[in-house]
Amino acid sequence: MLSLTNLESYYGRSRALNGISLEIEPQRITGIAGRNGTGKTTLLKTIMGLTDAARGSIRLNGQDISALPTHRRARSGIAYVPQGRGIIPEFTIRENIVMGAFANRAGRRGIPDLVPELFPYLAANLDRPGGVLSGGQQQQLAIARALAAEPDVVLLDEPNEGIQPSIVEEIERVILRLSREFGLTVILVEQNIGFLRRAASRFAMLEKGRVVESGPIADLTDAVVDRHMTI
Ligand SMILES: Nc1ncnc2c1ncn2[C@@H]1O[C@H](COP(=O)(O)OP(=O)(O)OP(=O)(O)O)[C@@H](O)[C@H]1O
Ligand SMILES: [Mg+2]
């Protein structure tokens, strides 16, 4: 239902994606891996229309969204949880979550039902500022904000980066539930190969803005990881 064909993407005149084609399996997790600077974040940004220029097609449920501005891509059902989370520290937890609701196709502007279900702590502290949360809680908040759009597809960029091990497990559990229990399609950029192997049904390994290996997750062997991820 989401398919990417020959994506190229640019920052100014410099090309960061060099022709990426991928079929994203609906209601499953597709893992994106690769060394630093290989274009993982750029791939997610390109899907959202957040780079300077792009070529190629991005088809969502048969419709080519590659000419749409970012807010319309969001309204077509794709939510983005950026690397570094991008929450607003001065806004309350509630305000941060509700920001994501601008893209809600049913016009619901409140706290989505999934928030108390997945993040009871956030639901119990809606009036506290986002800035007082720990890194892991801020990551949960960024996911909650994405869910306020009630999206079909969620793009997650290194959700476990810089987060305490105790909370990593909780976030992993949420990501698994998003696909397995709630039927969302997830594209997950993740450096933790162990988690990718547990979570994803398919993967793509990037190098220099290209897909160098892809396929069912069983094909993400130690040899593939050694070849493309060790420094
Ligand atoms: N805003 C920008 N302006 C110019 N070049 C950029 C910009 N953002 C990224 N790049 C370049 O594009 C390439 C891909 O970067 P990208 O951030 O997509 O990599 P990444 O795989 O997400 O890396 P990391 O693992 O460090 O998050 C790199 O060469 C990077 O220097
Ligand atoms: Mg990145």
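A: Asn-61 sits in the loop between strand E4 (53-60) and strand E5 (63-64); helices (H or I, at least four residues) and strands (E, at least two) are DSSP runs, numbered from the N terminus. The phi angle of Asn-61 is near 50°, a positive value in a residue other than glycine. This is a predicted model, in which local features need pLDDT of at least 70 and side-chain atom pairs count only at pLDDT 80 or more, while totals for chains, interfaces and linings use all residues. Residues are numbered from 1 along each chain as its sequence is written, chains are lettered from A and ligands numbered from 1 in the order in which they are written, and side-chain values use heavy atoms, with hydrogens and water left out.

Gln-27 also has a positive phi, near 60°, and is a residue other than glycine. Its place is the loop between strand E2 (14-24) and E3. With a relative accessible area of 47%, Gln-27 is partly exposed; buried means under 20% relative accessible area, exposed over 50%, and partly exposed in between, using a 1.4 Å probe and protein chains only.

Gly-34 counts as buried, at 0% relative accessibility. Leaving out residues up to four places away in sequence, Gly-34 touches Lys-40, Gln-191, Met-205, Leu-206 and Met-229, where contact means heavy atoms within 4.5 Å. From Gly-34 to Pro-216 there are 182 residues in sequence and 16 Å in space, C-alpha to C-alpha.

Now to helix H1. It is mostly covered, with 7 of its 9 residues buried; these are Lys-40, Thr-42, Leu-43, Leu-44, Thr-46, Ile-47 and Met-48. Just after H1, Gly-49 takes a positive phi of about 80°.

What coordinates the magnesium ion (ligand 2)? Thr-41 (OG1) and Gln-83 (OE1) do, at 2.0 to 2.3 Å. Donors here are N, O and S atoms within 2.8 Å of the metal (3.2 Å for Na, K and Ca), and water is not among the atoms, so sites may look incomplete. Thr-41 lies in helix H1 (residues 40-48) and Gln-83 in the loop between strand E6 (78-81) and helix H3 (93-99), so the pair ties together parts that are 42 residues apart in sequence. Thr-41 is partly exposed at 22% relative accessibility, and Gln-83 is partly exposed too, at 32%.

Helix H3 also holds Asn-96, which is buried at 0% relative accessibility. Apart from neighbours within four places in sequence, Asn-96 is in contact with Ile-87, Ile-88, Phe-91, Gly-130, Leu-141 and Arg-145. Pro-151 is 55 residues from Asn-96 in sequence and 17 Å from it in space, C-alpha to C-alpha.

Towards the other end of the numbering, Glu-207 is part of strand E9 (residues 202-207). Glu-207 is partly exposed, at 24% relative accessibility. Not counting residues up to four places away in sequence, Glu-207 touches Arg-35, Thr-38, Val-212 and His-228. Glu-207 and Leu-50 are separated by 157 residues in sequence and by 20 Å, C-alpha to C-alpha. Ala-223 lies in helix H9 (residues 222-229) and is partly exposed, at 43%. The C-alpha atoms of Ala-223 and Gly-62 are 36 Å apart, with the two residues 161 apart along the chain.

Stepping back to the whole protein chain, the secondary structure comes to 9 helices and 10 strands. The radius of gyration is 17 Å, close to the 17 Å that the globule rule gives for 231 residues, so the chain is as compact as a globular protein of that length; the radius is taken over C-alpha atoms, and the rule is 2.2 Å times the number of residues to the power 0.38. Along the principal axes, the C-alpha atoms fill a box of roughly 45 × 40 × 30 Å. Buried residues make up 52% of the 231. Of the contacts between residues at least 6 apart in sequence, 68% join residues at least 24 apart.
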